[in-house]
Amino acid sequence: MSNIYSHRQLVPGGGAGSNRVNELIDALKQEFDNLQQEAAMYKMQRDDLEHKVQQQTDEVNLIRQGLYDLQATQKNMKVQYDNEIRALQRDMDPQRIHHSSSSHAAPPPSHPQPPPPTIGQGQNNIFGAIMSGGGGGNQVLVAPPQMMDQPPPGGQSGHPGGYPGPNGPPQSVPQSGGSSAQSPYLNGSGPAPLSQQQHGPKRQRMEDGPPQNMGLPPNSQQPPSSLYNSNGMPPQGPPGQQSLSQGGYMNVGQSSKPVSKMPKPMNSISQIPQNISEGPQSSGVPPTGNAPPSSGPQSNKRKNNPNMGAQLPPGNRTPIKQGPLSSAQSGLGDMDPENVPAQLKKEGSDWFAIFNPKVQRVLDVELFHTLDHNSVVCCVKFSGDGKYLATGCNRIAQIYDVHNGQKICVLDDTSVDKTGDLYIRSVCFSPDGKHLATGAEDKQIRIWDIRSQTISKLFPGHEQDIYSLDFSRDGRFIVSGSGDKTARVWDMVSGELLYKLAIDEPSQKDAGVTSVAISPDALYVAAGSLDKIVRVWDTRTGILLERLEGHKDSVYSVAFSPDGKTLVSGSLDKTLKLWDMSHCGRNNSSQKNQAKTTLNGHKDFVLSVAVSPDGRWVVSGSKDRGVQFWDPITAQTQFMLQGHKNSVISVALSPTGKLFATGSGDCRARLWRYYDEM
């Protein structure tokens, strides 16, 4: 029995075959891994391609949607403009009848009308295109009838027309009369002319010579030639005697073909006075808003309203809840002052302010002094102690006592040829208040000793007009900006040129420097230029640190905040931008310094910007004749001030007190007081 279960133990055999199987399995596994990796790679490529296709699809959809939106906006604007043109035509009918009847009774004089002064000489007149609108077209040149029909005191007529000189803008020479004879439209607004058959001939070409009558209504009178000297300027005399009060309109004049140093032409009629209730402007399109006729009960609405300028107790001054502004009413400039609640506005005899209903009212404003000039006021600047204000106009710089508004000093270089105009584009006090620097169209920087009223230093070298000056806080150097595409740093002690900061990029042909500013610590120089770019240089090395791009049109003004961490720029694209300067020059070269805030609200070119000494407010002046106070934190406007009858070319804030100054094409500088509302 035992033999049944006895057997030989099996011994594994065939070792070579087993190894072969394992090798095949490993080979299959390796091939599988390779295929898996290739599949993952193909999947990533597919996902990347799908992502790119999706991005391009989204961009196409955005472009398509943008086109649809633009088309819809264009249709809405066309309907709106058509309605407003019809309304303006209805408003103009009584005036046409009035002018037609007056023309038979009082034909206009036949002697030619002397032209007002032009701003600028030569081909590099930056302000020319601002003031004239830069362009051609056949717009009718006529002032609002309600402003021309007012007889001036003493039987003298104002100078209602204007003719631009070579490459220069037309300027409104002030009308006679004071603020007691204001037009019903506080901003000089009135019904806009609609056709040449209604009011006068088309604009004449430059080569045709000065236009005759400039499209004056038949019943308006021309000023006698004795009111002007050989340069077309009002005769100078004691303040308040020879100066005529400011006209309430800008004469739209033609200009020759813009050259490389001037802004691009715009076929705009924004120079015709506009009611503050007007909507946005478009090239060649009449202004929006239904302006009332110059006569009738509506003209006296301000005068007869007992609530105008009424002041409410502080507890009642809360923001007024209103519906959102439409696209045609996107700022305070579009609000009709006639319909603004009394607690949201303040009025004087010839000015008014509108406060933003969307924010709490924390400021108030009032007129302090009006300083009449014999020509356009190109610049205003306070002294370091805030006691004096300097202004620049044709041929002379003037210094006023801020407290009483009296003129205490007139700086005039008598050695300069008196032929033609020579506008002082920039003025700046030295920190110690002993000197005043002036920059003019003759390419010279003059450093005046204020006490002796003589020139102590002369800095030649610029090749074109000088548009901006700024002292360092320690007074060691001064920076100048010119249409020759350079900013230059000068040593005030030796008079030597320290650095020539040139814009020599081949791609930038139109890069004239319009404005310069030195940071409070004197380490940086910022310059705005016609090529839409703000540049920042190191004052110690002259090296370019920043190119701040974002504006869509020429940059006309720059200013640092008191702490130097923010730079403000104002542009012809109607916006202000705030730039972060806390890490100037240390940003990644591949990453552009983007504007941290954009301030929208002006209806026309932003010509000047400034920052309050405490950094709480940014102030801007514009070709829309308005001044706006902005909160840089919320990007909201506190109030909009209308106190000039022409472009606000320059704004400045007192470094020591709650005062600010404005200079305008209406031949006035004005001092204002702003203060915290109690």
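Residues are numbered from 1 along each chain as its sequence is written, and side-chain values use heavy atoms, with hydrogens and water left out. Because the model is predicted, local features need pLDDT of at least 70 and side-chain atom pairs count only at pLDDT 80 or more, while totals for chains, interfaces and linings use all residues.

**Exercise 1. Describe the pairing of strand 4 with strand 5.**

Step 1. Strands are DSSP runs (E, at least two residues), numbered from the N terminus. Strand 4 covers residues 379-382 and strand 5 covers residues 388-392.

Step 2. Two strands pair if DSSP finds at least two bridges between them. Four bridges are present here, and the sense is antiparallel. F382 has L389 of strand 5 opposite it.

Step 3. The two strands form a hairpin with five residues between them. In its turn, G386 has a positive phi of about 75°.

**Exercise 2. Characterise strand 26 and its pairing with strand 25 and strand 27.**

Step 1. Strand 26 (residues 626-631) is mostly covered, with five of its six residues buried; buried means under 20% relative accessible area, exposed over 50% and partly exposed in between, with a 1.4 Å probe and protein chains only.

Step 2. Strand 25 (residues 618-622) runs antiparallel to strand 26 over four bridges, and V619 stands opposite F629. Three residues separate the strands of this hairpin, in which R625 takes a positive phi near 75°.

Step 3. Strand 26 also pairs with strand 27, in the antiparallel sense over six bridges. W630 is partnered by T637 in strand 27. The hairpin has four residues between the strands, and A635 takes a positive phi near 65°.

**Exercise 3. Classify the aromatic pair of F355 and F639, and describe its surroundings.**

Step 1. A pair of aromatic rings is described by the distance of the centres and the angle of the planes. Rings of Phe, Tyr and Trp (its six-membered ring) pair if their centres lie within 6.5 Å; planes under 30 degrees apart count as stacked, over 60 as edge-to-face and the rest as tilted. The whole structure contains eight aromatic pairs.

Step 2. For F355 and F639 the ring centres are 5.5 Å apart and the planes lie at 55°, so the pair is tilted.

Step 3. The pair links distant parts of the chain, 284 residues apart: F355 belongs to strand 2 (residues 352-355) and F639 to strand 27 (residues 636-642). Both F355 and F639 are buried.

Step 4. F355 and F639 belong to one aromatic cluster, together with W351, F629, F660, W672 and Y674.

Step 5. R361 lies over the face of F355, at 3.7 Å from the ring centre. The criterion for a charge over a ring is NZ of Lys or CZ of Arg within 6 Å of the ring centre and within 35 degrees of the ring normal.
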